[in-house]
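Subject: Structure handover and helix packing notes

Hello,

Here is the structure for your files. My notes on what was found in it come after.

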Amino acid sequence: MGGRGVGSAGGGGIAGGSGVGLDIRSQTDVWSARHNPDNADYVDAINSGARAVQEDFPDLMDSVEHVNTATLGGADASSVLGFYSRSEKTVALNQRYSDVDVMNTTYDQSVASGFHPSRGNKTGTEAVAIHEMGHALTDHLAQKTGARDLDELSKTVVDRAYAATGGRGARATKAWAGKISGYAKTNYAETVAEAVADFYCNGEKAHANSKAIVAELKKLA
Ligand SMILES: [Zn+2]
């Protein structure tokens, strides 16, 4: 799971953050992709995942310029499920996993290993779309609140949620994030994105730490 910048992912991981350093070969807007009937289930799952988050943050899509399917090369071709590009304000999923059943299997393997939170009654495609929308949301709220960037706002949100759940001592936030998922320990941005994925996939069954993070995000909306 190494760190190519913040686009790190592995073992069925989800890339996040800037997308910088990823081997992106091409991207297609999902609505263009949907004209191929083979892509209908895939594109509809991406959009329903995105909508799940947007319903709570109605102006979020003002900050998302593109929702794409991307072809990746090299090691990223199979290790990256999706990414968020800060510079291009783009949420993208990996075209390699455009078969929703294949994505379900891949995602479930990562859940079984503790790398990602349960997808609840969502598809793996929706879960990944929700995770990437979590980055877009953090970026959106960072701009809205005047934070320097999404990393700074992520830290603020995690610190507040940690305190709200009774946490004491800043150095313990990594272990606290680990209650959400293994990948959530990567950095503050991934903590927030994994919490968003947990919350919008699992609802009331989401971990209390995920609920606390989403509650803090809602306060900023
Ligand atoms: Zn991420």
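A crossing of two helices is called left-handed if the near helix is turned anticlockwise from the far one by less than a right angle, and right-handed if clockwise. Helices (H or I, at least four residues) and strands (E, at least two) are DSSP runs, numbered from the N terminus. By that convention, helix 2 and helix 5 make a right-handed crossing.

Before going further: this is a predicted model, in which local features need pLDDT of at least 70, side-chain atom pairs count only at pLDDT 80 or more, and totals for chains, interfaces and linings use all residues. Residue numbers start from 1 along each chain as its sequence is written.

Helix 5 itself

Helix 5 has 22 residues, and the distance from its first C-alpha to its last is 31 Å, close to the 32 Å expected at 1.5 Å a residue. The expected span is 1.5 Å times one less than the number of residues. A residue is buried if 20 or more other C-beta atoms lie within 10 Å of its own, exposed if 12 or fewer, and partly exposed in between, with C-beta atoms placed from the backbone.

His131 is in helix 5 and counts as buried, with 33 C-beta neighbours inside 10 Å. Its C-alpha lies 10 Å from that of Leu81, although 50 residues separate His131 and Leu81 in sequence.

Thr145, also in helix 5, is exposed, with 12 other C-beta atoms within 10 Å. Two residues are in contact if their C-beta atoms, placed from the backbone, lie within 7 Å. Neighbours within four places in sequence aside, Thr145 is in contact with Leu153 and Leu220. The C-alpha atoms of Thr145 and Lys155 are 14 Å apart, at a separation of ten residues along the chain. Just after helix 5, Gly146 has a positive phi of about 80°.

For the angles below, axes are lines fitted to C-alpha atoms, for helices over the stretch in contact, and angles run from 0 to 180 degrees between N-to-C directions. Angles under 35 degrees count as roughly parallel, over 145 as roughly antiparallel, 65 to 115 as roughly perpendicular and the rest as oblique. For residue types, Ala, Val, Leu, Ile, Met, Phe, Trp, Tyr, Cys and Pro count as nonpolar, Asp, Glu, Lys and Arg as charged, and the others, Gly among them, as polar.

Helix 2 (residues 40–54) packs on helix 5 (residues 124–145) at about 45°, with the axes 8 Å apart. That angle makes helix 2 oblique to helix 5. Residues making the contact include Tyr42, Ala45 and Ile46 of helix 2, and Thr125, Glu126 and Met133 of helix 5. The contact residues divide into eleven nonpolar, three polar and one charged.

Helix 8 packs on helix 5 at an angle of about 130°, with the axes 8 Å apart, and the two helices are therefore oblique to each other. The crossing of helix 5 and helix 8 is right-handed. Among the residues in this contact are His131, Gly134 and His135 of helix 5, and Val192, Glu194 and Cys201 of helix 8. This contact divides into eleven nonpolar, four polar and one charged residue.

Helix 4 (residues 100–112) and helix 5 have axes that come within 7 Å and cross at roughly 70°, so the two are roughly perpendicular to each other. Here Val100, Met103, Asn104, Thr106, Tyr107 and Asp108 of helix 4 meet Gly124, Thr125, Ala127 and Val128 of helix 5.

Helix 9 (residues 208–220) has 13 residues and reaches 19 Å between its end C-alpha atoms, close to the 18 Å expected at 1.5 Å a residue. Its buried residues are Asn209, Ser210, Ala212, Ile213, Val214, Glu216 and Leu217, and they pack against helix 5, helix 6 (150–164), helix 7 (173–177) and helix 8 (188–202).

Two loop residues

Lys89 sits in the loop between strand 3 (82–85) and strand 4 (90–94). Its phi is near 50°, a positive value in a residue other than glycine. Lys89 is partly exposed, with 15 other C-beta atoms within 10 Å.

Pro58 is in the loop between helix 2 and strand 2 (66–72) and is exposed, with 9 other C-beta atoms within 10 Å.

Regards
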